[in-house]
Amino acid sequence: MRRFALSRPLSAGLLTLALLVAGCHPSPRQKPSGSSGLEINIAHINDHHSHLEAHADFEIAVGGLPTRVEAGGFPRLTTLFKAQAGLPNLLKIHAGDAMTGTLYHTLYNGEADAALMNTVCFDVFALGNHEFDEGDAGLRRFLDYLRSGPCQTTVLAANVEPAIGSPLAPVAIDDYRRPYLLKEVDGIVLGIIGIDVRGKTMNSSRPLATTLFRDEVDTAQKTIDELRARGIRHIILVTHQGYEADKAMAARLSDVDVIIGGDSHTLLGSFSALGISGSSGPYPTVVKNRDGERVCIGQAWEYAKAFALMQVRFDDRGAVASCNGEVILPIGDDFRQKNGAEAFVAVDTATRARILEQLAQHGTARIVSPDPIAQAELAHYAGRLDDMKRQRIGTAGESLCLVRVPGESTNRSSGVAGCESANTLARGSDIAQAVAEAYRQVSRLADIALVNGGGMRTALPQGDVSFSTAYTVLPFANVLIELRLSGRQVLEVLEDAVANHLDRNGSDGSHPYAAGLRWDLDMSRPRGSRLANVEIKSRADGAWQALEPAASYTVVTSDFLAMGGDGYSTLAQIHLAGGSVNTYLNYTQTFVDYLLAQGRVSRPAAADYSHKTVISRAGRRLP
């Protein structure tokens, strides 16, 4: 296979081929003689989000029994990509969002991700929205790391147009990204087009204002038409816009054959036998385009946990005749199941043999050894990571005390100077307020940031703050979700949070804290009358004004709360009804980035605390 120039005139040989393809028009899919039965193989991943290490304690079901294994990790993906090298007409595709999500990104700014990607040598990498999280300059830094390796992966985004003279186009518009790649297989030229999600990238990431994002469908069709005019009859889109958007786009386009996607972190295929739920459809998903012809759609889950392989065969006209394939969960060969004390322990030899037999029958989870070259690369960065975790990322100007419910009897910040009476005060948790402020700042759309008191696990003592400290305060693997709520629904959410521990004997970790929202709380009253004088802070001028029940507000919170965790049932209803957008921003890294940008974190101004006044369950007004 040979790679051809992009967005430039075809060579004489290719131009002749294009004329042969386009010359006679007995059907819209006429192909050169001898080209029938073309088959291509597409190996692909998406949304690894700097998850380079394997996932420890990943739980599957084997024979109906909970079984913990080590799953995924980039070195295992590299092994699977290399194992396909003998397949005919192989394309290796990454459908975007390589960056943002773990300390590997926070500390290495794309260098570690690029190094592991270069152990695969992808043919194409499509830009995702999170590639712009640190602006065009941050994306350029990552792409420089990527192109410094041996692979020269082509970066695609037909609907992204950087301004000349900007970081992504210092001299020409195609310095760092191209609209499409032309690739010859078996004497036939394929057109591979990249599409990035427009609205989410513009609204939730940080591209330059001069970088234009064109409509996804319009750009895709325009680019397809351009390639068709040049005689290209086999079109693959590599998109980063989500599974549902891919299906909707296919129905609106002519002459598209395959869509390899990302962004929605969609699991496709059947994994129910492994106890893994949440599959959104078959792999591949086959739909019809505007011409009534087949389009094969694939996506490969998330976080370096899955690998997908699709086989596509074309008929004599150049249309898709069939497509099939599979999504594979690569795992290690150490298995642990519960013993009599309900602890997960290594299985015995007989159980291990039985597990291996059952996994072989199912086929979707496979034991895969990490590629040694990729594993060595990862070890290099992991070793440095341990040292860098101790590095200072900012300063706490004063101790940020940990409290769940204002007035609680236990001082969770005991021993932290400056927090001796924190649990007795109406303001409650300083660290929860600071984290909420960080989330509201990172979300460019949010009017309100909402957190639960139990989401923070330790106080933040005065003094230097390291990466390790931040990940001790916020140790979970949550991401941020944006939801659109009415003022009335905001009140219901707050009532849910308080009722969870006052009425339902649930965890008091549900107690709410917010940035951009404040209230008076009387825990001695019944549900529905506990919150009063609720006010919202304008992002435009910082003024406080009454929350309007009929008005609409954007709330940013964790996926844990958005899915109903800690009794947040109103949020869950909105989320399940499709009223949310997953930013895929790791909640800990968001706080880390906030600290790195601010340099110093302190308690908010008294007027910005979410609790204006608090009356305890016993009817006592807190100071």
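Q: Are Phe132 and Phe213 buried or exposed?
A: Phe132 is buried in this predicted model. Phe213 is buried too.

Q: How do I read a pair of aromatic rings?
A: Now the wider case. A search of the whole structure finds nine aromatic pairs. One of them is Phe58 with Trp301. Their centres are 6.3 Å apart and their planes stand at 80°, so the pair is edge-to-face, the cut-off being over 60 degrees.

Q: Which parts of the chain does the pair of Phe58 and Trp301 link?
A: Distant ones. Phe58 is in strand S3, residues 55-62. Trp301 is in the loop between strand S15 (294-298) and strand S16 (307-314). The two are 243 residues apart. Both Phe58 and Trp301 are buried.

Q: What is the geometry of the pair formed by Phe132 and Phe213?
A: Edge-to-face again: 5.3 Å centre to centre, with 75° between the planes. This pair also links distant parts of the chain, 81 residues apart. Phe132 lies in the loop between strand S6 (124-126) and helix H5 (135-147). Phe213 belongs to strand S11, residues 212-213.

Q: Which residues form one aromatic cluster?
A: Phe81, Phe122 and Phe307 do.

Q: Where does the charged end of Arg518 sit?
A: Over the ring of Trp544, 4.1 Å from its centre. There is also Arg147, which lies over the face of Tyr176 at 4.2 Å from the ring centre.

Q: How many cavities of 30 Å³ or more does the structure hold?
A: The general idea comes before the count. Rolling a probe the size of a water molecule over the atoms shows where empty space is left. In this structure, two cavities reach 30 Å³ or more.

Q: Which residues line the second largest cavity?
A: Ile448, Leu450, Leu485, Val490, Val493, Leu494, Leu517 and Val555. By class, the lining divides into eight nonpolar residues, no polar and no charged. Strand S22 (448-452) and helix H13 (487-502) each supply at least two lining residues. H13 gives the most to this lining, with three residues.

Q: Why should helix H11 span 18 Å?
A: H11 covers residues 430-442, which makes 13 residues.

Q: How many residues of H11 are buried?
A: An α-helix has 3.6 residues a turn, so residues three or four places apart point the same way. In H11, 11 of the 13 residues are buried, so the helix is largely enclosed by the rest of the structure. Among them are Asp430, Gln433, Tyr439 and Arg440.

Q: Why does Ala459 count as buried?
A: Because its relative accessibility is 11%, and the cut-off for buried is under 20%. Ala459 is found in the loop between S22 and strand S23 (463-466). Ala459 and Ile60 are 399 residues apart in sequence, and 35 Å apart in space, C-alpha to C-alpha.

Q: What is the relative accessible area of Ala607?
A: Ala607 has 42%, so this residue is partly exposed. Ala607 sits in the loop between strand S31 (600-601) and strand S32 (611-615). The C-alpha atoms of Ala607 and His380 are separated by 47 Å, and the two residues are 227 apart along the chain.

Methods:
Residues numbered from 1 in each chain as written. Predicted model: local features only at pLDDT ≥ 70, side-chain atom pairs only at ≥ 80, totals over all residues. Heavy atoms only, no water. Phe/Tyr/Trp six-rings, centres within 6.5 Å; stacked < 30°, edge-to-face > 60°. Helix = DSSP H or I, 4+ residues; strand = E, 2+ residues; numbered from the N terminus. Buried < 20%, exposed > 50% of the residue type's maximum accessible area, 1.4 Å probe, protein only. Lys NZ or Arg CZ within 6 Å of the ring centre and 35° of its normal. 1 Å grid on protein atoms, 1.4 Å probe; cavity = no way out; pocket = protein on both sides within 12 Å on 5 of 7 lines; lining within 4 Å. Points joined across faces, edges and corners; volume = space filled by probe spheres on them. Nonpolar A, V, L, I, M, F, W, Y, C, P; charged D, E, K, R; others polar. Expected span 1.5 Å × (residues − 1).
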